[in-house]
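Colleague: I've got the two chains up on my screen and I'd like to talk them through with you. Can you take my questions one at a time?

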Amino acid sequence: MIRGVYRFGVKFIASFVGVLLLGALPGLFNGMKLDLGGYGDRLVATIQKLMAYNELTFRVGDNQYPLFPELFTYLNYSLILLFSALILAFISALGATYLTMMLPIKFKQMIKRGSFLFESLPDVFILACVQIGVIWFYKKTSILLVDIAAFERIYAMPILVLSILPALLFYRIMLHVFEEEAEKPYVELAKTKGVAGTALMFVHMFRNALLPIYFHSRSIIWFALSNLFIMEFVFNLNGIICYMYTNPTPELFTVGALLLFVPIFIILGLYQLLAERVSKAEAL
Amino acid sequence: MLMKNPMFLTGILVLILLFGGSVFYTIAYDDHIPQTFMLYNEEGNLIDKAPLTPSQVEPFGTDKLGYHLFQQIIIGAKYTIGIALLIACMRMSLSFVAGVISGTYSKKTSRVTSGLVDAMQYIPISLLSYFILRGVLMENGMEGTFQYNFWERLIFEVIILTAVAVPTTTVLISNETHSLWQKSYIEGARILGGSKVRILFKHIFPHLWPRMMIIFLQQLINVFILLLHLGLLKLFLGGTIFNPDPQLGDEYRSVSSEWSGLIGSTYEFLPYNTWIPLIPILFFVVVILSVNITLEGYKQSQNGQVGKRRKRRKEVHTTTEEKNVSAGSFYFINHEESEYEDQKAVNR
């Protein structure tokens, strides 16, 4: 228990400091010159402002408004989009993996060969396709699937769009992990004992696959975050990253980054703990 | 082996064709962009004006000033591909040196370092680069001037886009190197008296190269996507010309005609003049896919080397299981080996 606290504590503090340092990074450059003093000043100023976080304000026109708790609505929206999309991606990838594992080897090979092609599609391309698709559908049927220009927050479509690329990445990783898992002796044993394929996969193999999937898929979160940003920008969604983009003050950038970092770190940590508990192995 | 892999070859070929074609076009036609502003039918009547669709002007249509998109794409290819290659190479060489040194001389990356570097994962890299680069790349709208000249801006952008990825890649390479040093054959080489530098060059690097190649291609894809994002945020390679115009909407133009500029400056036309932003985006897709195909082909050829050897061993095995038994079927399987053993015995 103490080990666990230490393990995550050190990492949390280190990452926290890292985010602070990165947040002040735009202050390092004065035009093109390196400005170490300016960087230090900015860092200290940001930290001081963060200490008195209740007094932080943002500006619309000439009016100043307090940043909190207003900012949390933006944060919530972004986080809901991000995690719903990731969960959706995880589940659909798991389903697809299950179906693929049931297929005969020949098809499996073909799918494995072909799947890599789609995962590197740039997110901008997918967003453009969705936009064109929505417009085309509107022209044909005069039903507006999503109101992209609306101010109110929409959920279904952004989550779906955001989950496409992570789902493909998850799918590839899961297929790889499950295939490796399938060659282990315990699977053979379970098969000889007559455990059915579905139960074998979801009860026994899934448990052991959770941890490797975690290691391979940590970068997916980062990838999805940058997708989320571009999506918020293109679709004009009122999420926190777009907010950081439109209000480019130094402290807001740091605050936004920290607010994103804390929940993502906690959820990743929880997933890791869960995976370790279930597979009875310890990572790192 | 590698040169026979069809996927690897296809990917490389597409990249070379685009890049080479672009350079050739500059040399042969001096970056000439044909312009068709008015379109007349056979009787000489005006039927349409720019922007013209791809079906009216082959192959890709024109932008709103009537400049043909195809030539713009060709001209832009060398900038986009060239810069991306340059940035990916710089990322790799810096991280390689730093990663190998830290992987060789220090223990496993400590929790503190990896935590610090992990912080990178919680900030969208495009947003961070945007904030750093904006001051330099964006033209000052009020004065209509840049603070720095084209080459300064370009170099600054290359350095920043390199630097944002170096920490993560360094940790990755450092961990790779460190895990190679733990292998038992390295232990063997050490016992035999190899110096650290010699072991590094003779035993570590050959195993590190394939990984480096894979990381390099992944970084290349990363850079392309980063350029695309920055383009969408109206930061174009080498600088953005910015004309604030409250009536007609602000206008952003790229200094060079590279692709992300073509996309960023025209993305809002997507609903009505779909092809203008879509065609550069499609070219980005083509380039990224061909890098990915190259990567996949490379991975396959790496695995293939192992797979082939295994197959050959199997073939030898099957010859011993003939059905029609004849006198010739009986021979010593280990004939060569036993001969070798004999020779060894003689030598002793």
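**Talking through the two chains**

Colleague: In chain B, what share of the contacts with a separation of 6 or more comes from residues 24 or more positions apart?

Modeller: A contact here means two residues whose C-beta atoms, placed from the backbone, lie within 7 Å. Take those contacts in chain B with a separation of 6 or more; the share from residues 24 or more positions apart is 71%.

Colleague: Before we go on, what should I know about the model and its numbering?

Modeller: It's a predicted model, where local features need pLDDT of at least 70, side-chain atom pairs count only at pLDDT 80 or more, and totals for chains, interfaces and linings use all residues. Residues are numbered from 1 along each chain as its sequence is written, while chains are lettered from A and ligands numbered from 1 in the order in which they are written. For the complex, the predictor gives a pTM of 0.84 and an ipTM of 0.85.

Colleague: Over which residues of chain B is the pLDDT below 50?

Modeller: pLDDT is the predictor's confidence in each residue, from 0 to 100. Chain B averages 78, and 79% of its residues score at least 70. One stretch below 50 is residues 306-320, which has one contact in the model beyond near neighbours in sequence. The pLDDT also stays under 50, with one contact beyond four places in sequence, over residues 336-348.

Colleague: Which elements does chain A have, and in what order do they run?

Modeller: Helices (H or I, at least four residues) and strands (E, at least two) are DSSP runs, numbered from the N terminus. Chain A has ten helices and four strands. From the N terminus on, the order is α-β-β-α-β-β-α-α-α-α-α-α-α-α.

Colleague: How many Å separate the centres of the two domains of chain A?

Modeller: The domain bounds come from an automatic or database domain assignment, which gives domain 1 as 2-58 and domain 2 as 70-247. The C-alpha atoms of chain A fill a box of roughly 70 × 60 × 35 Å along the principal axes. Taken over C-alpha atoms, the two domain centres are separated by 31 Å.

Colleague: Where does helix H8 of chain A bend?

Modeller: H8(A) covers residues 197-235, and its end C-alpha atoms are only 43 Å apart, short of the 57 Å that a straight helix of 39 residues would reach. That expected span is 1.5 Å times one less than the number of residues. The bend is the angle between axes fitted to the seven residues ending at a residue and the seven starting there. For H8(A) the bend is about 55°, at A:Phe206.

Colleague: Is A:Asn236 buried, partly exposed or exposed?

Modeller: A:Asn236 lies in the loop between H8 and helix H9 (240-246) of chain A, and has a positive phi of about 60° although it is not a glycine. A residue is buried if 20 or more other C-beta atoms, placed from the backbone, lie within 10 Å of its own, exposed if 12 or fewer, and partly exposed in between. A:Asn236 has 13 C-beta neighbours inside 10 Å, so A:Asn236 counts as partly exposed.

Colleague: And B:Lys234, buried or exposed?

Modeller: B:Lys234 also has a positive phi, about 70°, although it is not a glycine. The residue sits in the loop between H8 and strand S3 (240-243) of chain B. With 21 C-beta neighbours inside 10 Å, B:Lys234 counts as buried.

Colleague: Why is A:Glu152 classed as it is?

Modeller: A:Glu152 is in the loop between helix H5 (123-141) and helix H6 (156-182) of chain A. Because there are 6 other C-beta atoms within 10 Å, A:Glu152 is exposed.

Colleague: Which helix gives the largest share of the side of chain B that touches chain A?

Modeller: The contact takes 41 residues from chain B and 40 residues from chain A. Elements giving two or more residues to chain B's side include helix H3 (111-118), helix H8 (196-232) and helix H10 (275-318). The largest share, nine residues, comes from H10(B).

Colleague: What do the buried residues of H3(B) pack against?

Modeller: Those buried residues are B:Gly115, B:Leu116, B:Val117 and B:Asp118. They pack against helix H6 (166-181) of chain B together with helix H1 (2-23) of chain A.
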